[in-house]
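Notebook open, model loaded. I want to go through this one piece by piece and jot down what I find.

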Amino acid sequence: MGMCLIAAIDWSIVPWWVPVVPVVALGLGAVIFVHELGHFLVAKACGVKCEKFFIGFDIGGYKISRKWGETEYGIGILPLGGYVKMLGQDDNPANIAEQVRESEVSGGSVDAKEIVGPDGKTYLVDKRSYLAKSVPQRMAIISAGVIMNVIFAFIFATVAFKIGVPYHPTIVSSTAPGSPAWEAGLLPGDEIVRVGDIEKPSFTDLMGSVTLADLERGLPFVIERDSERIELTLRPVQGSELARIGVTSPVSLRLRAKHPVLPHGAAAKAEPALQSGDEIVKVDGRKIDDYAALTQELAQHSDDMLTLTVLRGGKKSLRDPFGPLEGGKLIEVKLQPRPRRTLGLVMQMGKIVAVQEKSPAAEAGIRPGDFIDEVRSGGGAVPAGEADIFSGDPMKLPDELHRLAEDDERVTFTLRRAAAEADGRQPAEEAQVALREVTTIEEPLTGDDPLSAPAAGLAYRVLSVVDRVEEGSPAAKAGLQADDVLLKAEAIYPDEVAEEFRARAIEFSQAEKDDKAGWPAFMRSLQDLPEGAKVKLTYRRGDQTREATLAPVVDEGYHVADRGLLFEPLTRIRESQTWAEAASRGYEETTRSLTMVYRFLNKLGTGQVPVTMLGGPITIAQAAGFSAFEGVGKLLVFLTMLSANLAVINFLPIPLLDGGHMVFLAWEGIRGKPAGERFVVAMHTVGFVFIITLMLFVFSLDIRRIFFT
């Protein structure tokens, strides 16, 4: 009785750490072992002779084995599952006649039992054979594997929570402009204390719930902001791969152990140099308690030199390696502002696509679909491109509004409405906006994200069509003109730049009014290019496609709030004080893992969850390696998920899997005899083709993740 090691996992490929290979092998082997142990123990309890108990498949006879009593125990060369071989049982239905003959005994034997074969004839078989057992007994043997997986999933989870499980809390670091979380007004520092029916979820729980949410009805959330609890419903939107609400994972104030700063950002030029493990505790003498407070300081002082006070040389606690550092000394570090880079292209302004709830823009009556034609400040009309205060560049508008907000200025947007009011009245064309203080950094997270103006609380598209070219700029020198349509942008790096810091090419749509043009995301990535890097643009002018290579230059007077500091993720330990508490959490984790697999499979291939999110043995092993690297507790939680995952998949009604065997046994119980041999062989052939095709498919996904992502 075998099991198939295929998992519906939406884990990304992660680096491989050789030191954890034995731990990973032991963990994955344990999941397979307990499954086969379930079949073995129940078969023995039912009096069935078990001839083999193998982890892995002994293809071609390649194995390590030893025989104790009547059973051969071993490890096969192909590590894709395991099996228990019982007398009179074979997963290949074409061998059923052979199995019947193998199990047959003479009529005078005390070990004989009469059975009805698939051909309707009566046979005398050994009472210790699998064929001699009743349908309920055989069902118990078949189901024992998945039941054992569920039991051990619970055990794994219980032990994990007693040991302590590292997890990332659902504290918002930032929101993507225009996303559901951004529209609802979620802020850095907000903690999601409930998502759906999950209390105090981890960030992994949050991602899973959003991925599998009902996109029409949305997902209920409870947000904690200081002492306030906010209840709301967010409707995830389908991203390029998975559904998202647009929040980023929590970030600590401790610089990464590897690459603590972006090599080409302002932080790389700090004096004295920032080091791995430095923890920021103050900015210009003001105490910083969390990443949200740091974000506010960076957003409000993007043009200023900052003095960071960092704790250096602190030691991690053995009890809680993710908690406060012990000891160390305070160091003051000067951090220069980060000038913004430009190519000298001013792109066309697109429509407003989102307005934040309770924002200045919302209170002024601005709606998605509106177009910004003009801005007025100080009582005068300011047409785009002719302003003293406003440059007319949609990429600079957020900064310019930010500066006016610091002076408590009001601005007037002249809008072009997409449609008249519902009652037919002519819509208002002007909106008076009382700007607000900017306390967050809002950057596009994907190429689909619009650009936001935090001071007003609106997000708009920037089209890939050139509005004008700034005089003397790299774009002007390269010959670009108004109305050129950008098709593609690609970074050209100096040879000495490490591969891990090389960005991918960014594609633009050729549609002039495309709502998904990725210019804001490209301009954000432009800021991270190393010195000496250039940009190759492919653009269309009339019927011709042209190319130009440009060297970015500093955009005087504008700075990037993010200065290139790279932080460790915020991690906490979830540890139960008693075994009863651990068991309660273990039960919740096991139940959630089981239902998550069903929900994942239900949405697989629907567009909401693409089939490319499946993972094969390589993905499983690497994800296990990543978990093992974070500690035994995290590995046990991963094995809980994997064990529940395999229990569900192996119990699907697919011939060759345990679920397929259960269907045939149920049919036998109804008819009083096994299903016909021809039918069973045909169904198993279909199941075999399906399983092999699936295995090849998930292997190809594994290989693609390793070599092409």
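I started in a sheet: Arg 194 has Val 222 in β11 as its bridge partner. The model is a predicted one, so I kept to its cut-offs: pLDDT of at least 70 for local features and 80 or more for side-chain atom pairs, while totals for chains, interfaces and linings use all residues. Residues are numbered from 1 along each chain as its sequence is written, and side-chain values use heavy atoms, with hydrogens and water left out.

**Sheet.** I looked up the pairing of β9 (residues 191-195) with β11 (residues 219-225), and it is antiparallel over four bridges. Strands count as paired here if DSSP finds at least two bridges between them. The sheet is open, has four strands and runs β10-β9-β11-β12 with antiparallel pairing. β10 (198-199) and β12 (228-234) are the edge strands, each pairing on one side only. Helix α5 (residues 203-211) packs on this sheet and touches β9, β10 and β11, with its direction at about 150° to that of β11. Contact is heavy atoms within 4.5 Å; axes are lines fitted to C-alpha atoms, for helices over the stretch in contact, with angles from 0 to 180 degrees between N-to-C directions.

In the loop between β11 and β12 I found Asp 226, whose phi is near 60°, positive in a residue other than glycine. Asp 226 is exposed, with 76% relative accessible area (buried is under 20%, exposed over 50%, partly exposed in between, with a 1.4 Å probe and protein chains only). Asp 284 also has a positive phi, about 50°, without being a glycine. Asp 284 sits in the loop between β16 and β17 (286-287) and is partly exposed at 34%. I also noted a cis peptide bond between Glu 271 and Pro 272, with omega about -10°. Pro 272 is in the loop between β15 (251-255) and β16 (279-283).

**Rings.** How many aromatic pairs are there? I get eleven, taking rings of Phe, Tyr and Trp (its six-membered ring) with centres within 6.5 Å; planes under 30 degrees apart are stacked, over 60 edge-to-face, and the rest tilted. Trp 68 and Tyr 73 make a tilted pair, 5.8 Å centre to centre with 55° between the planes. Trp 68 is partly exposed at 48%, and Tyr 73 is partly exposed at 28%. Tyr 291 and Phe 567 are edge-to-face, at 5.8 Å and 75°. Tyr 291 is in helix α6 (residues 291-300) and Phe 567 in strand β33 (residues 567-569), so this pair ties together parts 276 residues apart in sequence. Phe 567 is buried at 10%, whereas Tyr 291 is partly exposed at 22%.

I checked charges over rings too (NZ of Lys or CZ of Arg within 6 Å of the ring centre and within 35 degrees of the ring normal). Arg 403 lies over the face of Tyr 558 at 4.7 Å from the ring centre, and Arg 574 over that of Tyr 167 at 4.0 Å.

**Core and whole chain.** The largest nonpolar core has 68 residues, and Phe 413 is one of those touching the most other members. A core here is a set of buried Ala, Val, Leu, Ile, Met, Phe, Trp, Tyr and Cys joined through side-chain atoms within 4.5 Å. A second, separate core of 19 residues includes Leu 37 and Leu 665. The chain has 15 helices and 34 strands (DSSP runs numbered from the N terminus: H or I of at least four residues for helices, E of at least two for strands). Of its 709 residues, 50% count as buried.
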